[in-house]
Amino acid sequence: MIAIVVENLTKTFNGFTAVDRVSFTITRGEIFGLLGPNGAGKTTTISMLSTLLRPTSGSARVNGFEIVKHEDDVRKSIGIVFQDQSLDEELTAYENMDFHGRLYRIPRAVRQQKIVDLLQLVELNDKRDNLVKTFSGGMRRRLEIARGLLHEPKVLFLDEPTLGLDPQTRNHLWAYIEQLNKEKGVTIILTTHYMDEADRLCDRVAIIDKGKIIALDTPERLKDELGGDVITVKASEPDKLSAQLKALSWVNQAESHDGQVTVTVQNAERHVAELARLAATHGIEIESISIRNPTLEDVFLYYTGRTMREEEASSKDQMRMMHRLHRR
Ligand SMILES: Nc1ncnc2c1ncn2[C@@H]1O[C@H](COP(=O)(O)OP(=O)(O)O)[C@@H](O)[C@H]1O
Ligand SMILES: [Mg+2]
């Protein structure tokens with residue numbers, strides 16, 4: 001059974017292509033992740049799928065409904081939790097839920113029971129009569145997820161569900177998300193720029209960069225495709241070292257970034273000595289060498305030649321620059 005089909009979905013803003021002919025299919029019951037750096041087009045994609053934005057071209061069906069022709073049916077069949085918090089601070093947890101339930105015209109008796117059930121699911125029932133303004137970031141997120149489920153949507157959209165939360169709270173939220181996927185059978189499509197989140201939660205991950213899907217598979221297969229291990233070398237001349245390494249037959253890929261070189265190879269431990277010798281021959285000093293299993297970050301690096309952290313940093317720099325310009 002198919003929950004979502006996306007075909008060549010595209011969105012341009014004044015000539016700038018934010019989402020570029022994106023296609024994928026999500027099966028019912030899946031947790032599907034859109035993983036990519038800031039500005040990759042994740043929010044724009046799910047905004048189109050949830051009918052908040054009209055696509056420029058391409059098409060999609062959510063729960064069997066065309067997103068452009070049957071907006072209302074799509075909306076009734078989905079739940080959304082957006083990146084920016086949208087709770088009423090001056091209302092209690094229960095009141096926030098109740099307001100949402102009335103919007104969806106859920107009859108009173110059913111509504112009351114469901115609110116209690118869902119607040120229990122996210123362990124907030126004992127806080128039901130407290131004002132949201134007294135809630136921590138994690139509690140707010142849990143409440144928003146519970147609220148998104150009130151009208152029993154078949155598909156739940158989560159935009160950066162753990163953005164800005166501390167590691168412990170993120171772990172808790174992951175457990176809730178898994179639980180409601182398993183127990184309630186809700187199909188989940190989430191966006192994230194945290195590779196550990198995508199790796200831990202998602203059945204399949206689409207890696208998106210500059211509006212395009214560059215890889216799509218299970219986290220395991222994406223990592224396996226890199227073939228073997230990842231060696232990270234901190235060296236005095238990373239660019240020179242990576243150029244030397246690229247020429248070797250046993251090196252799948254070598255990229256220099258953040259003052260280090262990341263090398264993907266088969267059976268890394270057999271090649272470390274040769275790598276060190278090569279560096280020495282070229283007068284390159286090595287500070288440290290480490291071997292590990294590939295992560296989704298390595299997958300991103302493999303396909304783009306950049307790390308997601310570099311992307312984050314450069315978009316932060318841009319923001320800082322804009323602030324500076326505005327202050328002048
Ligand atoms: N309403 C808009 N008008 C113009 N550009 C936009 C608009 N919304 C998003 N963009 C641009 O589209 C790109 C993708 O944005 P977005 O989908 O929010 O990325 P992500 O959620 O992956 O961080 C970014 O470059 C962003 O600046
Ligand atoms: Mg976003």
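**Before you click**

This is a predicted model, so local features need pLDDT of at least 70, side-chain atom pairs count only at pLDDT 80 or more, and totals for chains, interfaces and linings use all residues. Residues are numbered from 1 along each chain as its sequence is written, chains are lettered from A and ligands numbered from 1 in the order in which they are written, and side-chain values use heavy atoms, with hydrogens and water left out.

**The whole chain**

Start zoomed out, in cartoon view. You have 12 helices and 14 strands on screen; helices (H or I, at least four residues) and strands (E, at least two) are DSSP runs, numbered from the N terminus. Along the principal axes, the C-alpha atoms fill a box of roughly 80 × 50 × 45 Å. The chain has 328 residues, and 51% of them count as buried. Buried here is under 20% relative accessible area, exposed is over 50%, and partly exposed is in between (1.4 Å probe, protein chains only).

Now colour residues 2-220 and 227-293 separately: these are domain 1 and domain 2. The bounds come from an automatic or database domain assignment. Taken over C-alpha atoms, the two domain centres are 40 Å apart.

T43 is partly exposed at 30% relative accessibility, and Q83 is partly exposed with a relative accessible area of 30%.

**Ligand 1**

Next, select ligand 1 and show what surrounds it: F13, F16, A18, P37, N38, G39, A40, G41, K42, T43 and T44. To be near, a residue needs a heavy atom within 4 Å of the molecule.

- G39: a polar backbone atom is 2.7 Å from an oxygen atom of the ligand.
- K42: a polar side-chain atom lies 2.8 Å from a ligand oxygen.
- T44: an N or O atom of the side chain is 2.5 Å from a ligand oxygen.

**Rings**

There are two aromatic pairs to find. Rings of Phe, Tyr and Trp (its six-membered ring) pair if their centres lie within 6.5 Å; planes under 30 degrees apart count as stacked, over 60 as edge-to-face and the rest as tilted. Select F24 and F32: this pair is stacked, at 4.9 Å centre to centre and 20 degrees between the planes. F24 is buried at 4% relative accessibility, and F32 is buried at 0%. Then jump to Y302 and Y303, whose ring centres are 5.3 Å apart and whose planes meet at 85 degrees, so this pair is edge-to-face. Y302 is partly exposed at 30%, as is Y303 at 33%.

While rings are shown, look at Y194: the charged end of R170 sits over its ring, 4.0 Å from the centre. For that label, NZ of Lys or CZ of Arg must be within 6 Å of the ring centre and within 35 degrees of the ring normal.

**Last stops**

Select N181 in helix α6 (residues 167-184). Is N181 buried or exposed? N181 is buried, with a relative accessible area of 12%. Its side chain reaches the backbone oxygen of G29 at 3.1 Å.

Now select D203, in the loop between α7 (195-201) and β9 (204-209). D203 and I31 are 172 residues apart along the chain, with 5.4 Å between their C-alpha atoms.

Finish with backbone angles. Most residues other than glycine have a negative phi. N8, in strand β1 (residues 2-13), has a positive phi near 50 degrees. N14, in the loop between β1 and β2 (16-27), has a positive phi near 45 degrees, and N14 is exposed at 84% relative accessibility.

Definitions and conventions
A polar contact is a pair of N or O atoms within 3.5 Å; within protein, one must be able to donate a hydrogen and the other to accept it, and residues adjacent in sequence count only if both atoms are side-chain atoms.
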